[in-house]
Amino acid sequence: MSTGYFTHPDCLAHDMGHGHPECPQRLLAIADHLRAQGLDALMSQHEAPLAKLSDLSLAHESNYVATLDDFLHQLESTGDTRALDPDTLACPGTRSAAWRAAGAAVAATDAVIDGQLHNAFCAVRPPGHHATRRQTMGFCLFNNVAVAARHALDVRGLKRVAIVDFDVHHGNGTQDILANDDRVLMVSFYQHPLYPYSGEECRAANMVNVPVPARSNGKVIREIVETYWMHRLEFFKPEMIFISAGFDAHREDDLGGLGLVEADYAWITSKIMDVAKRFAKGRIVSCLEGGYNLDALGRSVAAHLRVLIDE
């Protein structure tokens, strides 16, 4: 078995305009760094399929999916670019990109559960962890990780899955969808105060939200992982782990104010893998979320993947 790499050229066609930080060049920067370091040749390459309506409806209200899809179909016909919310725009290429981003997460989940892959990374966009059950938000249309987690539980029959979110922003959409689902444990740290200004209000027992102030560095984050994450993950004994892999907590990323570096992402990944090996047969699916300094993003994803590959 190997590490799978799921992506698709359609994910480059989602373009929110010049100067928008969530840009197609993010995926190109990742691919360039992986080629430069020879990591692409060490992974099994997979084309992301389109998600099914039944997949998306596991995490989102059916009316939301249908209404959004109708809107995106219209843009395919008219060629227009329109705002979905104050931060998120849609263009003619958005529909295919969004459906493939969720489809990649589901396909990777199936491949890992079926034993075809040991673990997988989905290099897709748009990201997903701000998308709620019924609302686009923060560059996100469908919550890729939540869709995949519910697929593992509701379709593939797993009993317990964990979600690890290390994006600089709180995964409010994942929380909205999965709070109080006792089959799921979500652990995260995030900068506070910072968009979307959430997390502290949640009292759901299955949500481990750890806010950190700006300028927190890797030493602080490692202490949080050891103190708040590890015992909860070990007690929960997940049968599979999903990662909302945002790399915007990097010290070079201007959309946040934390101080992580590549070695911190590698260390966090290794801790997640330790839990996966003990309780989940090593099963991990990681999905790209944030990360907007292109060079830092490429380096950080390479560090993350090097640990997954060397499992």
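How exposed is arginine 156? Arginine 156 is partly exposed, with a relative accessible area of 29%. Here buried means under 20% relative accessible area, exposed means over 50%, and partly exposed lies in between (1.4 Å probe, protein chains only).

## The model

This is a predicted model, in which local features need pLDDT of at least 70 and side-chain atom pairs count only at pLDDT 80 or more, while totals for chains, interfaces and linings use all residues. Residues are numbered from 1 along each chain as its sequence is written, and side-chain values use heavy atoms, with hydrogens and water left out.

Helices (H or I, at least four residues) and strands (E, at least two) are DSSP runs, numbered from the N terminus.

## Salt bridges

Side chains of opposite charge can pair when their charged atoms come close. A salt bridge is a side-chain nitrogen of Lys or Arg within 4 Å of a carboxyl oxygen of Asp or Glu. By this rule the model has 19 salt bridges. One of them joins the side chains of arginine 156 and aspartate 110, at 2.9 Å from N to O. Arginine 156 sits in the loop between helix 5 and strand 6 (161–165) and aspartate 110 in helix 4, so the pair ties together parts that are 46 residues apart in sequence. Aspartate 110 is partly exposed, at 22% relative accessibility.

Glutamate 61 and arginine 134 also meet in a salt bridge, 2.6 Å from N to O. Glutamate 61 is in the loop between helix 2 (53–56) and helix 3 (62–78), and arginine 134 is in the loop between strand 5 (119–122) and helix 5 (144–155), so this pair ties together parts 73 residues apart in sequence. Another salt bridge links aspartate 181 and arginine 150 (3.3 Å, N to O). Both aspartate 181 and arginine 150 are buried. Salt bridges with shared partners join Arg150, Asp154, Asp181 and Arg183 into one network.

## The nonpolar core

In soluble globular proteins, nonpolar side chains tend to be buried together. A nonpolar core is a set of buried Ala, Val, Leu, Ile, Met, Phe, Trp, Tyr and Cys residues joined through side-chain atoms within 4.5 Å. The largest such core has 103 residues, and Phe166, Phe189, Trp229, Phe242 and Ile268 touch the most other members. Helix 4 (residues 94–113) gives the most to this core, with 12 residues.

Contact means heavy atoms within 4.5 Å. Apart from neighbours within four places in sequence, tryptophan 229 is in contact with Val164, Asp165, Phe166, Val187, Ser188, Phe189, Ile224 and Ile268.

## Cysteines

A disulfide is a covalent bond between the sulfur atoms of two cysteines. Here a pair of cysteine sulfur atoms must lie within 2.5 Å to count as a disulfide, and the count is 0. For cysteine 202, the nearest cysteine sulfur is that of cysteine 140, 18 Å away. For cysteine 287, the nearest is that of cysteine 122, 4.0 Å away. Cysteine 287 is buried, at 0% relative accessibility.

## Two loop residues

Glycine 290 lies in the loop between strand 10 (284–288) and helix 9 (294–309). At 1% relative accessibility, glycine 290 is buried. Not counting residues up to four places away in sequence, glycine 290 touches Arg26, Asp167, Ala245, Gly246, Phe247, Asp248 and Leu297.

Histidine 8 lies in the loop between strand 1 (3–7) and helix 1 (25–36). Histidine 8 is buried as well, with 10% relative accessibility. Leaving out residues up to four places away in sequence, histidine 8 touches Glu47, Ala48 and Arg100.
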